[in-house]
Amino acid sequence: MITTTASLATRTVLRIGYGALQLERLHDRRAEAVALLRRAVELGVDHVDTAEFYGFGFANDVIREALRPEDDVLVVTKVGADPDPGGRMPLRLAQRPEQLRASVEDNLRSLGVERLAVVNLRRLDTGPGLRPEGDQVVDLDDQLAVMTALRDEGKIGAIGLSSVTRDVLRRALPAGIVCVQNAYSLVSRDDEDILQLCAAEGIAWVPFFPLGGAFPGLPKATDEPAVHAVAESLGVTPSQVGLAWLLHHAPNVLLIPGTADPAHLEANIAVGEIALDAGHLATLDGIQSRSNEVPIG
């Protein structure tokens, strides 16, 4: 059986957490959103991933209402982009040091706390999606200077990175990085070297888009015949197999699957009980990895 917990910052947490992005689907059903998060806590979830730009602050607002101090849930947020309700996309990049500081203040305010336990700096150097341009191309050292200053001021407990290359992670290691969030899945394993560096350095690896397929044209784990075959043999869903593979693949992997549906939430948490044997793993490891580098913009 796989280990059910792993380290994140100074905490030991359940390896399956909750990603709050999907809460915005319940924007007009706030009570259901709060109840969903309460159900996650009941199921043992003790770390939640969020951002001020999730639902233009709605996710943070729900977290503030739903979570109680006695729940002892580690809330991880991120900076590097801000909500942009009137824009072509729902967010805009905010990479400059003064913008990172402002984003931290926004998250403190919307979450109703005096200190953010972990803040991920989303660099957008790699993975599917936007790339910084113009004044949004900012040197890593300038960004880490403001992040470490915020940590020294007590506004941040720990610093993580998101959408970074191996070289960027290596440069950032002296700042004390506790986690890395990159796009990574069974069908898109380009960042294997970064995952292994994280494992060697005691850094949590928290993949987003853990089943692939975030944008049209990108590979999806649930489209793979081998995934379906393993799922059928175990009596579980293909999505559960894709997530279970991540947990089996490396002990420093933490999952933050998101959902707006209570039944789906329970299915995600149940992934921790799925045992993949050597045959299953060999079958899944044999799936070809394809690039997820499909920038949009």
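How far apart in helix α3 (residues 97–111) are Arg-109 and Asp-106? They are three residues apart, so about one helical turn separates them.

1. Basis. This is a predicted model, in which local features need pLDDT of at least 70, side-chain atom pairs count only at pLDDT 80 or more, and totals for chains, interfaces and linings use all residues. Residues are numbered from 1 along each chain as its sequence is written, and side-chain values use heavy atoms, with hydrogens and water left out.

2. Arg-109 and Asp-106 meet in a salt bridge of 2.4 Å, N to O (a side-chain nitrogen of Lys or Arg within 4 Å of a carboxyl oxygen of Asp or Glu). Arg-109 counts as exposed at 53% relative accessibility, whereas Asp-106 is partly exposed at 23% (buried means under 20% relative accessible area, exposed over 50%, partly exposed in between, with a 1.4 Å probe and protein chains only). Helices are DSSP runs of H or I with at least four residues, strands are runs of E with at least two, and both are numbered from the N terminus.

3. Other salt bridges. The count comes to 18 salt bridges. One of them joins Arg-38 and Asp-71 at 2.6 Å, N to O. Arg-38 lies in helix α1 (residues 30–42) and Asp-71 in the loop between α2 (58–66) and β5 (74–79), so this pair ties together parts that are 33 residues apart in sequence. Arg-38 is buried at 16%, and Asp-71 is buried at 18%. Arg-30, Asp-61 and Glu-65 are linked in a network of salt bridges.

4. Stacked rings. There are four aromatic pairs (rings of Phe, Tyr and Trp, the last by its six-membered ring, with centres within 6.5 Å; planes under 30 degrees apart are stacked, over 60 edge-to-face, the rest tilted). Tyr-184 and Trp-245 have ring centres 6.3 Å apart and planes at 25 degrees, so the pair is stacked. Tyr-184 is in the loop between β10 (177–181) and α6 (192–201) and Trp-245 in helix α8 (residues 238–249), so the pair ties together parts 61 residues apart in sequence. Tyr-184 is buried, at 1%, and Trp-245 is buried, at 1%. Ring pairs link Tyr-184, Trp-205 and Trp-245 into a cluster.

5. Phe-208. Phe-208 and Phe-209 form an edge-to-face pair, 4.9 Å centre to centre with 80 degrees between the planes. Phe-208 is buried at 13%, while Phe-209 is partly exposed at 31%. The charged end of Arg-122 sits over the ring of Phe-208, 4.8 Å from its centre (NZ of Lys or CZ of Arg within 6 Å of the ring centre and within 35 degrees of the ring normal).
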